[in-house]
Amino acid sequence: HTSYICRVSADSESFEFQVSEHLRMSGVYWGACALHLLSQLDQLQREQIVSFVLSCQRGNGGFAGNLGHDAHILYTLSAVQILALFDALDYLDESRVMRYVASLQQEDGAFAGDEWGEIDTRFTYCALCCASLLGRMEDINVQAAVEFIQRCENFDGGYGCEPGGESHAGQIFTCVGALAIAGRLDMVKEKELAWWLCERQTPGGGLNGRPQKDADVCYSWWVLSALTLLKRVDWIDGSALRRFILSCQDQEEGGIADKPGDVPDVFHTFFGIAGLSLLGTDDVPPIDAAHAMPASVMRKIEARNAERAQVRERRGGSQSTETQPLPLMSFVDSAFTTRAEYERWAAEMKAGGNEQVEWWQLKDNDLGKT
Ligand code: GRG
């Protein structure tokens with residue numbers, strides 16, 4: 001699977017690479033998180049990826065799915081997750097990111113995905129997950145977000161994408177994940193929901209996303225993460241699910257597909273491996289079911305956030321005492337081997353409206369690159 005992920009990430013001429021151009025940021029997160037779980041993250045070029053992520057930050061503080069696209073909360077979360085995976089969060093101007101995230105919250109507590117205003121419980125999850133990873137829950141109205149999720153709950157205990165929307169396992173992950181992050185799992189109709197979720201297991205062992213639908217490997221994550229948070233993983237047949245996930249692998253070329261015999265992709269490869277992690281099998285290390293991040297990375301993030309909260313408290317907790325992003329010289333120095341490369345990147349940053357580029361350009365003379 002490692003060589004599959006590395007091969008598809010490098011093949012920029014492939015059909016799959018071209019058609020996923022608009023969601024590259026999430027693609028990088030799926031690939032990098034899968035490699036982290038396989039203890040193979042060092043197969044990717046850290047500097048290249050971190051510079052790609054930073055250059056996708058737009059003037060409003062949010063991140064786009066790729067260069068030249070508009071910011072969206074989905075890609076903002078993926079960007080934060082990638083920087084966390086590569087231990088590069090210190091390069092981020094967190095206040096700018098959180099101002100963007102907070103700007104998307106509506107009066108009724110819901111979050112829009114971007115400036116155009118689409119509402120979906122996916123975006124509530126992204127907002128809470130970003131705030132939690134950055135240790136900045138106080139920047140958004142968590143209580144109002146929880147109340148909005150509550151309004152999306154259905155009679156069967158499940159959740160849809162908006163009030164009155166059909167229960168769907170993907171949306172259930174976002175709502176249960178967001179409630180777990182908010183510390184409000186007490187809001188969930190636990191038994192009804194766990195019952196609905198375990199009914200997603202099909203005779204072939206795989207899980208579907210709603211009644212009457214086919215099993216698909218990605219639901220090994222959407223369903224099982226929610227059951228994990230509800231402490232009811234044992235309500236499904238774990239061995240049968242494991243067999244289903246393994247049967248979707250491409251035994252020759254690597255990668256995992258949605259169903260046995262289909263062509264693999266990075267999305268299903270990640271969610272298949274993440275599902276095995278939740279099942280605790282095949283030596284895949286634990287993943288945090290709420291943040292969709294390796295547990296080892298979450299431990300580092302929690303320690304970082306606790307330290308920063310202490311610093312803020314010691315300084316009196318005012319906005320003016322926020323921790324500043326790390327000076328970027330060390331990163332710039334390791335990321336680019338020639339001045340021309342750096343300049344191309346700086347120009348992309350500037351086109352994206354990144355405020356920090358001016359600082360880098362001031363320091364450009366100090367680079368010492370030819
Ligand atoms: C960090 C893991 C993570 C997620 C970020 C984007 C997001 C937050 C969550 C997406 C949740 C979601 C709605 C997942 C479902 C994706 C999916 C396979 C949709 C397919 O829907 P249909 O209707 O498929 O085509 P079914 O299986 O119902 O026929």
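**Exercise 1.** Find how many residue pairs are in polar contact between domain 1 and domain 3, and which helices supply the domain 1 side.

*Solution.* Begin with the count: 8 residue pairs, both at pLDDT 80 or more, are in polar contact between domain 1 and domain 3. A polar contact is a pair of N or O atoms within 3.5 Å; within protein, one must be able to donate a hydrogen and the other to accept it, and residues adjacent in sequence count only if both atoms are side-chain atoms. Next, take the helices (DSSP runs of H or I, at least four residues, numbered from the N terminus). Helix 1 (2-10), helix 3 (24-37) and helix 5 (73-85) each give at least two residues to the side of domain 1 that touches domain 3. Helix 3 has the largest share of that side, 8 residues.

The model is predicted: local features need pLDDT of at least 70, side-chain atom pairs count only at pLDDT 80 or more, and totals for chains, interfaces and linings use all residues. Residues are numbered from 1 along each chain as its sequence is written, and side-chain values use heavy atoms, with hydrogens and water left out.

**Exercise 2.** State how many salt bridges join domain 1 and domain 3, then describe the one formed by Glu 253.

*Solution.* The count between the two domains is 2 salt bridges, each a side-chain nitrogen of Lys or Arg within 4 Å of a carboxyl oxygen of Asp or Glu. The partner of Glu 253 is Arg 7, with 3.7 Å between the closest N and O atoms.

**Exercise 3.** Determine the area that domain 1 and domain 3 bury between them, and the residues of domain 1 that lose the most.

*Solution.* The domain bounds, from an automatic or database assignment, are 1-92 for domain 1 and 189-305 for domain 3. Together they bury about 1900 Å², 71% of it on carbon and sulfur atoms. Buried area is the accessible area (1.4 Å probe) that two parts lose on being put together, summed over both. In domain 1, the greatest losses to domain 3 fall on His 1, Tyr 4 and Leu 37, together 37% of what that side buries.
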